[in-house]
Structure formats: C-alpha cells, structure tokens
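Look over the structure below with charged side chains in mind. The text after it goes through some pairs of them and then turns to one further residue.

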Amino acid sequence: MTRDHDERDSEREDAQSTPDGDVSSDCDRPVTDGGTERSDAGTDSTDGAAGADDVALDPWGSSTVADYRKLFEEFGIEEFDELLPEVPNPHYLMRRGVIFGHRDYDPVAEALREGDEAAVLSGFMPTGDPHIGHKLVFDEIIWHQEQGADAYALIADLEAHAARGMTWTEIDEHARDYLLSLLALGFDPGEGELYRQSDNRELQDLAFELGSKANFSEFQGIYGFDGETHVSHMQSVVTQMADILYPQLEEPKPTVIPVGPDQDPHVRFARDLAARMRFFKVTEAYASFELTDAERALVAAVYEQREAYAEDPDRPRCEEAGEWLAGADVETLDELGVVVADDVRESAVAKLDNGGMEPLRPRVRFLDANATDEAFEALIEAIDGEKRRYDEHVDAFDLDAGAAEELAREVELDHGGYGFVPPSSIYHRFMTGLTGGKMSSSVPASHISLLDDPEEGYEKVKAATTGGRETAEKQRELGGEADECPVYELYAYLLSGDDDEFAKRVYDECVGGERLCGGCKEQAAELMYEFLEDHQEKRAEVEDVLEDLDISLESPRRGVAPGDG
C-alpha cells in the first residue's frame with residue numbers, strides 16, 4: 001500500500017515514551033523489554049499483574065516485569081543467550097532477545113539438532129480477539145513444528161469458563177478466531193494436533209491422575225487460593241498441568257512450553273507433578289544413607305578430596321570424610337567450589353559420622369516412588385553389574401546417571417507408567433501497549449487485533465506513543481530512545497519479519513538521530529496495514545480447512561458462569 005506522506009510528521013517528535021522501559025543492553029541486541037501478552041500455563045491470555053515490578057509471577061494477574069534479570073536470580077530462569085548457539089536455525093525472536101529466558105530447554109535444542117523426537121505445546125484462553133501479542137506465541141509453535149517437533153495447540157475453554165467466567169457462546173466465538181489465525185500463520189494441522197480442553201477425554205483422565213499428586217496447600221502457596229476459591233478454578237489448574245504433559249502420553253519426549261514469564265509457576269508445578277508420577281527417582285549416592293540435594297553436592301566434593309584424609313584413598317571411610325569436613329577451614333571449603341551453608345555442613349558431618357567405617361563410594365540410587373512390586377523387581381533384575389538392594393531403594397555401582405535414567409524409564413513404561421520427561425519452557429518479553437504501559441485486550445487502542453481492519457491497524461500505529469524526544473532538533477542531537485518505544489517493538493517483534501538487518505537499521509537510525517518519529521510511524525503503519533491485509537486474506541483461505549478439522553467449533557456445554565474465586 002502507498003499513502004501520501006505528510007512531511008510535517010517527520011519533523012514532529014512525540015514526547016511520550018513507554019514507562020519503565022528496561023534497556024536491553026544486557027542482550028546486546030536492539031530490542032526493548034516487551035514480549036507478548038501473558039500466557040496462562042501454556043495458555044496465552046490477554047491481560048497482563050500487580051506487583052510485577054517486584055517480580056511477583058501471577059498467572060492470572062496483569063503482569064509486566066520491570067527487570068527481567070531478577071527472574072534469573074529469584075526463580076532460576078536461565079538466560080537464553082547462553083543457549084542460543086546450540087539452537088539450530090534459531091527463530092528471529094530468539095536472535096533478537098525477545099525470547100530471553102528458558103527452563104531446561106537444552107534437551108529440546110539437542111533433539112532438534114539431532115532429529116530426535118521433541119514436542120511443543122501452547123494454548124490460548126479465548127477471552128477476546130487474538131492480537132499481535134498472541135502472534136508471537138503462534139510463531140513459536142509454528143517454528144518448532146517446522147524444525148521437526150510434534151506441535152500441539154489448544155483452546156483453554158475450561159480455564160476461560162472457570163477462571164474468567166466466560167460463557168460457552170463467547171468462548172466458541174473467540175476460539176474460532178484463534179484457530180483461524182494460527183492456521184493462517186502456518187500451523188500444519190496434518191502434522192500437529194489442535195484440541196479443546198473440554199472435548200479431550202484423554203486430557204481429563206490425565207488431569208485426574210495428576211490431581212492425586214497435588215494438595216490444597218500447594219494451591220495456596222503457589223496461586224494464593226483460599227477458602228473462597230471455587231473448585232472449578234482449582235480443577236482448571238490441574239487441567240493445565242495435564243495440557244503441559246499431554247504431548248508425552250504416547251511416549252516420553254523433550255517438550256517445550258512457550259509462555260510469558262508470569263506463567264513460570266505453572267511450569268514449575270508441572271515439572272514437580274511429572275516427577276511425582278514417575279515410578280523411580282534416580283539420584284547419585286555415596287553411602288547407604290540418604291542425603292539432601294545440598295548435602296549430596298557437598299559430600300561429592302568431599303569425596304574428590306579423599307587423598308587429603310583417607311588412610312586408603314581407594315576406599316575412604318565415612319567417618320574419615322566427616323572428620324575432615326568438620327575441621328575444614330573456610331578457605332578449604334571455598335576450594336571445593338560448593339556453596340556451603342552452616343546447617344548443611346553440620347547435617348552432612350553428622351550423617352558421615354553415623355556412617356562409621358562404611359566405605360564412601362559413588363553409586364547410582366533408584367528410589368521406589370510409585371512403582372508396583374512387579375516393576376521394582378523388574379528393575380532389580382534389569383540392573384547389570386554390582387548392585388545392592390534395600391527396602392525402598394536399590395544401589396547400582398556400574399551405571400552412570402544417564403544410563404540409570406534410561407533404564408528406570410524403560411522399566412516404568414514396560415509396567416504401565418508414563419515415564420514423563422520434565423517439561424521445558426521458553427519465556428518471551430511482554431509487549432508494551434501502543435499507548436504506553438501494558439498491552440491489554442480490554443484497552444482497544446493499546447493493541448492491534450489480528451481481526452482489525454487494515455485501515456484501523458494503520459491508524460492505531462500512527463497514534464501510538466514513541467520513544468522520541470520533545471523536538472526534532474533534540475532527536476537529531478540526542479537520538480531517539482528506541483528501547484522505550486512501542487513502535488520500535490513492532491519492528492523488532494513483527495514488522496521486520498526475519499530481516500535482522502532491517503530491524504537493526506531502524507534501531508541504529510533511531511538512536512543515532514537520523515530517524516524521526518513521524519516518518520518511522522508512517523513506515524510502521526504501512527507495514528502493519530500490509531500485514532493485516534495479508535493475514536486476513538489467509539484467514540479467509542483456511543476457513544474450509546478449519547471446518548474439516550476434527551475439533552468442535554460449538555460447545556454442547558451449558559451452565560452459568562462460575563464466580564471469580
């Protein structure tokens with residue numbers, strides 16, 4: 001499309017900029033803080049959360065995050081930059097730092113590199129129109145599918161009804177729009193699976209089983225649920241846990257859930273439940289007694305120092321190790337490379353002392369968590385080499401940890417277990433609203449719907465706030481603040497597509513004072529017009545495809561909307 005360009009726009013600088021923009025210098029890429037709308041546990045929603053500046057991760061709030069670096073420190077989310085070289089053909093959202101963090105994505109990246117089995121799943125809570133924030137999640141699913149992963153996308157209609165009070169008629173209307181946009185953007189339904197929570201009996205059966213491993217105190221601690229929270233809301237959480245593990249029902253495989261960082265509580269809970277469903281817990285051990293994770297790391301380091309204290313370094317004794325650890329000074333402990341809290345050191349010393357003359361000897365331990373008697377006996381039989389059986393565990397001395405994990409999963413699957421691999425996740429930045437602040441579907445001017453008329457999308461971009469200076473002169477002198485500009489985010493997250501050079505050129509011209517906001521917004525508005533025009537043409541083209549898919553577009557369910565609990 002072409003439009004008459006008003007030269008006066010080029011000279012007019014918008015003084016407004018987005019609040020609390022966190023410059024992405026740590027990513028070394030021309031991208032601001034922002035990312036998509038919040039996503040509900042593999043379920044992308046529309047409103048984003050009070051207290052988020054303190055990094056409170058609330059899956060049903062309205063999250064923004066002022067400092068993403070705190071997520072690495074407080075919640076153990078890992079920086080995606082460090083893993084990027086291991087990802088084959090990385091998506092531009094990864095290259096530009098929009099996808100900024102991950103939790104245990106390494107197995108997924110390895111599977112994609114090696115052509116092994118992997119899966120991706122995310123879902124969408126149909127509470128409003130799909131918009132450009134949701135498009136980022138669509139893109140992440142589609143990219144993983146193109147790299148060879150099994151792809152799953154779901155409509156979180158049970159959650160929308162339980163947590164948001166949506167009627168089934170409203171849910172049906174919005175669900176259709178999400179599915180059409182996903183298909184129009186390139187999701188291949190022949191090579192992937194689409195489903196609604198309410199129609200998927202296998203999913204609901206899995207949710208029931210997972211519910212047997214969860215308790216109310218966890219719902220209180222993780223989500224703040226209380227006596228006023230209705231049961232359907234709690235049930236919808238367990239259903240989301242089942243969604244996250246659903247791709248592994250046929251066989252265990254590395255699975256990634258693309259979400260916003262506010263959904264990390266769901267991911268962590270799902271990883272816990274996946275572990276609780278396993279027949280066996282595999283750990284490293286050094287003696288017959290049990291150690292905590294912190295104690296195990298300390299004892300492992302002490303074992304490596306056996307030359308310093310053991311009468312026979314090939315056969316160090318527990319009491320020798322305990323005596324040495326008790327007397328080690330601070331400098332010696334620092335040399336171990338393990339952070340040692342006083343209480344951990346004291347408890348490890350006590351256990352080693354109680355071990356007496358028992359040899360301190362590395363082994364792999366299989367703990368009986370949920371195994372049937374038959375499965376436990378089969379495991380013992382399957383272990384080659386030296387082994388020692390106890391009441392609730394068996395120690396193997398000739399297996400490494402990796403081989404032990406494979407053996408435990410193989411025996412579990414042979415005896416009717418799931419063998420779940422802990423689900424992984426990737427986290428994208430929240431996208432800033434066009435009017436500043438958070439992007440919200442309840443504020444039409446703050447977002448661009450994928451259903452907007454192209455002319456309306458054009459006008460919204462033209463009216464957006466920017467990171468420009470007060471005057472054109474100051475802009476040329478000081479440069480614009482692209483890292484705090486919703487319009488630049490549009491370039492970085494959407495309008496530049498796969499063209500990194502174009503995205504960088506826009507950034508460099510802005511911060512270098514060459515690009516003025518009027519012309520920049522005009523170019524962005526034209527690109528948005530073209531994108532919406534093309535997207536809606538493709539939506540029309542895939543309507544027949546959607547009609548032919550095995551997914552219900554009209555729910556037979558009836559009922560009043562639950563309370564907001």
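Asp-157 has a relative accessibility of 0%, so this residue counts as buried, the limit being under 20%. The model is a predicted one, and the values here are computed from it. Where does Asp-157 sit, and where is its partner Arg-196? Asp-157 belongs to helix α6, which covers residues 157–164, while Arg-196 belongs to strand β6, which covers residues 192–196. The two side chains form a salt bridge, with 2.9 Å from N to O. Between them lie 39 residues of sequence separation, and the pair thus links distant parts of the chain. Arg-196 has a relative accessible area of 2%, so Arg-196 is buried as well.

Side chains of opposite charge can pair when their charged atoms come close. The next pair is Glu-547 and Arg-176, a salt bridge in which the closest N and O atoms are 2.9 Å apart. Here the link runs from helix α23 (residues 543–548), which holds Glu-547, to helix α7 (residues 168–184), which holds Arg-176. These two residues are 371 residues apart, and they too connect distant parts of the chain. Are they buried or partly exposed? Glu-547 has a relative accessible area of 46% and is therefore partly exposed. Arg-176, at 25%, is partly exposed too.

A further salt bridge joins the side chains of Arg-365 and Asp-395, at 2.7 Å from N to O. In this case both residues are in strands: Arg-365 in β9 (residues 363–368) and Asp-395 in β11 (residues 393–396). They are 30 residues apart, and this pair also links distant parts of the chain. Both Arg-365 and Asp-395 are buried.

Salt bridges can also share partners, and in this model Arg-95, Arg-96, Asp-498 and Asp-500 are joined in that way into one network.

Which residues does Thr-239 contact, when its neighbours within four places in sequence are left aside? The contacts of Thr-239 are Leu-158, Gln-197, Leu-203 and Ala-207. One of these, Leu-158, has a number within the range of helix α6, residues 157–164, where Asp-157 is also found.

Terms used. Residues are numbered from 1 along each chain as its sequence is written. This is a predicted model: local features need pLDDT of at least 70, side-chain atom pairs count only at pLDDT 80 or more; totals for chains, interfaces and linings use all residues. Side-chain values use heavy atoms; hydrogens and water are left out. A salt bridge is a side-chain nitrogen of Lys or Arg within 4 Å of a carboxyl oxygen of Asp or Glu. Helices (H or I, at least four residues) and strands (E, at least two) are DSSP runs, numbered from the N terminus. Buried means under 20% relative accessible area, exposed over 50%, partly exposed in between (1.4 Å probe, protein chains only). Contact means heavy atoms within 4.5 Å.
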